[in-house]
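User: I am new to this structure. Please take a close look at a single part for me.

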Amino acid sequence: MKSARGAGGELRRIVRINEEIKSVVATAFKINLMAMNAIFLAKRAGQTALGFGVLSNELRRFATDLQQQMVVLREMTYGSVATVTGLLKQTQINRVIDRARKEASAEGRKLIDEILLKRHAEAMLRHEEQIAALNRRLTQMIADTAQLVELGSVLARSAKIEAAYGGGFSSSLMQVSSDFERTIGEIQRSLENLTKHQVQESAA
Amino acid sequence: MKTAQVIYEDGSHKWHAIVRDPNRQDYLIDTNEYLIVAGDDAILLDPGGSEIFPAVFSALSTCFDPRKVSKLFASHQDPDIISSLSMWLEFNPEAKCYVSWLWTSFVPHFGGDKDTFVPIPDGGMDIIVGSQRLQAIPAHYLHSSGNFHLYDPKAKILFSGDIGTALLPPGENSLFVENFDSHIRHVETFHRRWMGSERAKRDWCTRVSQLDIDMLCPQHGSIYKGADVKRFIDWFAHLEVGVLKS
């Protein structure tokens, strides 16, 4: 059974996850803008940067998908906050009732045993099951996002290759594709942190 | 733990004062809770904060079945008054909490739902407990802006919330005021600071002077009885309140 300390730790973990999500959302927004600029650049380069233009479009779609994914992830963490708050409240009630049981006369103790202990044990179990289910969904969502970001990484690498065929625009295209690669690398590191927080939860 | 002491008894009509926890942590203000029993029904007055719930519950369960406490009366919204609400509702989820209409959307932060609260209008109301008709007496701005006391006309007892409060030093913790003149020294500073309105104070003194009161029971400190009740009301009427000075 989770203690108040455990539930408090759970809340802190959710806050950390939320901070990582915020950082991914900001980076995804940056990629979106970068992709738009890349599309314009490819248009200016014309025939020599057709492949780069296609990849820039794909990267822009990737950034939009990533932002949507992050919105869902953020909603899930808000849901977790509500569940964990319920668990914290339950833990506090249990603590006070436990103290009341210790102080009460035989009759009071009997009353608490009869009415409350079973009910609260069941409520705690319910809360814990909800948290476990949320965590499973969160883990799955992070894995899906990691897969999406892997695709983004492949697109950035391909853009780099295409940039080499950009003729007079080659160095500009190379610069843009390197920026893509670096920025997607930042997202991958944020996702690694998210996964780490999830793993910490499983170990707790 | 606290003890439940009978301060009035007439057949199945009783007032219990739940008082004086020797194990209370001194960072928590000491509080008095009162249980009015009428036959098989009961109302708990200012049930207290959640931190002292174990002590109040333990004392109460020695004299009455906690599941039969059907009403809770909150003189106002402070945490030392009613933050234990959710605990009491565990024992009787149908229990009603009587509180000023002003606080019915604030106190649910301590527990309860839309069916839990009975809003008391500004002019007060009658509250029926068993065969007894009790009266919620307005005491607004003393100290809370939505504040009530509870009068039992048969027992001639007025539960006076924070009015009459004494912050007693260690060792002076008698249930009843024994020496008014020395007791009032522990009352004065609190009332000057906490009671915010001269006009409200005068209105209250006029209102309660018309009641037949044998005992005046505050939420903190000792109970005034007999001639000390009138002495206290007269003293309070002449005290300058709502001023920031010692």
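How much space lies in the largest cavity?

Analyst: A caution to begin with: this is a predicted model. About 30 Å³ of space lies in the largest cavity. The count comes to 1 cavity of 30 Å³ or more.

Now the lining. Six names make it up: Pro66(B), Val69(B), Leu72(B), Trp88(B), Phe91(B) and Ala95(B). By class, the lining has 6 nonpolar residues, with no polar and no charged ones. Pro, Val, Leu, Trp, Phe and Ala count as nonpolar, which means that each lining residue falls in that class. Two elements of chain B, β5 (69-73) and α3 (85-91), each supply at least two residues of this lining.

Strand β5 leads on to the sheet. In chain B, 7 strands form an open sheet with mixed pairing, in the order β1-β2-β3-β4-β5-β6-β7. Its edge strands are β1 (3-10) and β7 (117-120) of chain B, and each of them pairs on one side only. On average, neighbouring strands of the sheet are turned by 20° against each other, direction ignored.

In that order, β4 stands between β3 and β5. Strands β3 (residues 33-38) and β4 (residues 41-45) of chain B run antiparallel, joined by 5 bridges. Within this pair, Val37(B) stands opposite Ala42(B) in β4(B). As a general point, strands of a sheet pair through backbone hydrogen bonds, either parallel or antiparallel.

Conventions
Residues numbered from 1 in each chain as written. Chains lettered and ligands numbered in written order. Predicted model: local features only at pLDDT ≥ 70, side-chain atom pairs only at ≥ 80, totals over all residues. Heavy atoms only, no water. 1 Å grid on protein atoms, 1.4 Å probe; cavity = no way out; pocket = protein on both sides within 12 Å on 5 of 7 lines; lining within 4 Å. Points joined across faces, edges and corners; volume = space filled by probe spheres on them. Helix = DSSP H or I, 4+ residues; strand = E, 2+ residues; numbered from the N terminus. Pairing = 2+ DSSP bridges. Axes fitted to C-alpha atoms, helices over the stretch in contact; angles between N-to-C directions.
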